[in-house]
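The stops below go through salt bridges and then helix packing.

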Amino acid sequence: MTKRKDERRELLKEDEFLSGMEKAARYMQQNPAQVLIALAVFLGLVAALTIYQAQNLKSANQRASAIYEAEKILQTNIDDETAELKFANNREKYEAALAKLNEVIPELSGIARHQAMVMKIGCLTSLGVTEELAELYGELADQGEGSVKLIGMMGQADLNLAEGRYDEAIDIYDRIEAAKLNGAAYEDLIIYKKALCLKGKGDETTARQELAALVDRYEGDESAQGEPPVLIKVRELLEELEGDDAKSES
């Protein structure tokens, strides 16, 4: 019985399907204009979507190509006679890369935009141009994540340090440390930068203490990594502060 019921259900399904097909066929016969209009609209939507996707892909490829071109310029060795690109000097090279980046950045968003902005910062600093740096660092600090955010915040702090706004610089360095953005590679650098701020504020005693503690930490370190490069600057600044202290006492 069960088998016969199942067979009847299958036959009913086939009848319903055929009935639906017949109704659709009759509707198409009775309303050919409406069917053609609906089909034309559907095909138009498909075509529009295809064109939109193709344009987006083309635009994305163009933007990626522009970033690649700028990167290629920056990686060019001006002394390499076999290089595809030729520049009279590094300034000309950085200016060419900057022009390419300025062309594409307004059209970018997200990670691609941040990547291009970091490259632009490199060009500007190499050219000694500082006017746009605050805005660029600000956007990276506010909207970036991970290493991009770190670049933005470090840039903001360094600008404050260079312009004598020591308290503002120290505040940002402290926030970098608190947010754990820096990692071990930046810890020593931040100590050095904060010591520069303290020296600028006239608090040479605290600056000396911070630097001396950092130097002591590496005394007798026989690890494979050895001393970080920033320790050379740390020692130089410490010697300068100790020399100034000796002069004041005499």
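Select Glu-69, Lys-100 and Glu-103 to begin: these residues are linked in a network of salt bridges. A salt bridge here is a side-chain nitrogen of Lys or Arg within 4 Å of a carboxyl oxygen of Asp or Glu. This is a predicted model, in which local features need pLDDT of at least 70 and side-chain atom pairs count only at pLDDT 80 or more, while totals for chains, interfaces and linings use all residues. Residues are numbered from 1 along each chain as its sequence is written, and side-chain values use heavy atoms, with hydrogens and water left out.

Stay on the pair Lys-100 and Glu-69, whose side chains meet at 3.0 Å, N to O. Helices are DSSP runs (H or I, at least four residues), numbered from the N terminus. Glu-69 is partly exposed at 32% relative accessibility; buried means under 20% relative accessible area, exposed over 50%, and partly exposed in between (1.4 Å probe, protein chains only).

The structure holds 14 salt bridges. Next, select Lys-193 and Asp-158, which form one with 3.4 Å from N to O. This pair links helix α8 (residues 184-201), where Lys-193 sits, to Asp-158 in helix α6, 35 residues apart. Lys-193 counts as buried at 16% relative accessibility, and Asp-158 as partly exposed at 25%.

Then pick Lys-201 and Asp-167, a salt bridge of 2.7 Å, N to O. Lys-201 is in helix α8 and Asp-167 in helix α7, so the pair ties together parts 34 residues apart in sequence. Lys-201 is partly exposed at 47% relative accessibility, and Asp-167 is partly exposed at 48%.

Now show helix α6 (residues 147-162) and helix α7 (residues 166-178) as cartoons. They pack at about 160 degrees, with axes 7 Å apart; axes are lines fitted to C-alpha atoms, for helices over the stretch in contact, and angles run from 0 to 180 degrees between N-to-C directions. The two helices are therefore roughly antiparallel (an angle over 145 degrees).

Finish with helix α3 (residues 90-104) and helix α4 (residues 110-127), which pack at about 145 degrees with axes 9 Å apart. Among the residues that meet are Tyr-94, Leu-98 and Leu-101 in α3 and Met-119, Cys-123 and Leu-127 in α4.

Key: Parallel < 35°, antiparallel > 145°, perpendicular 65-115°, else oblique. Contact = heavy atoms within 4.5 Å.
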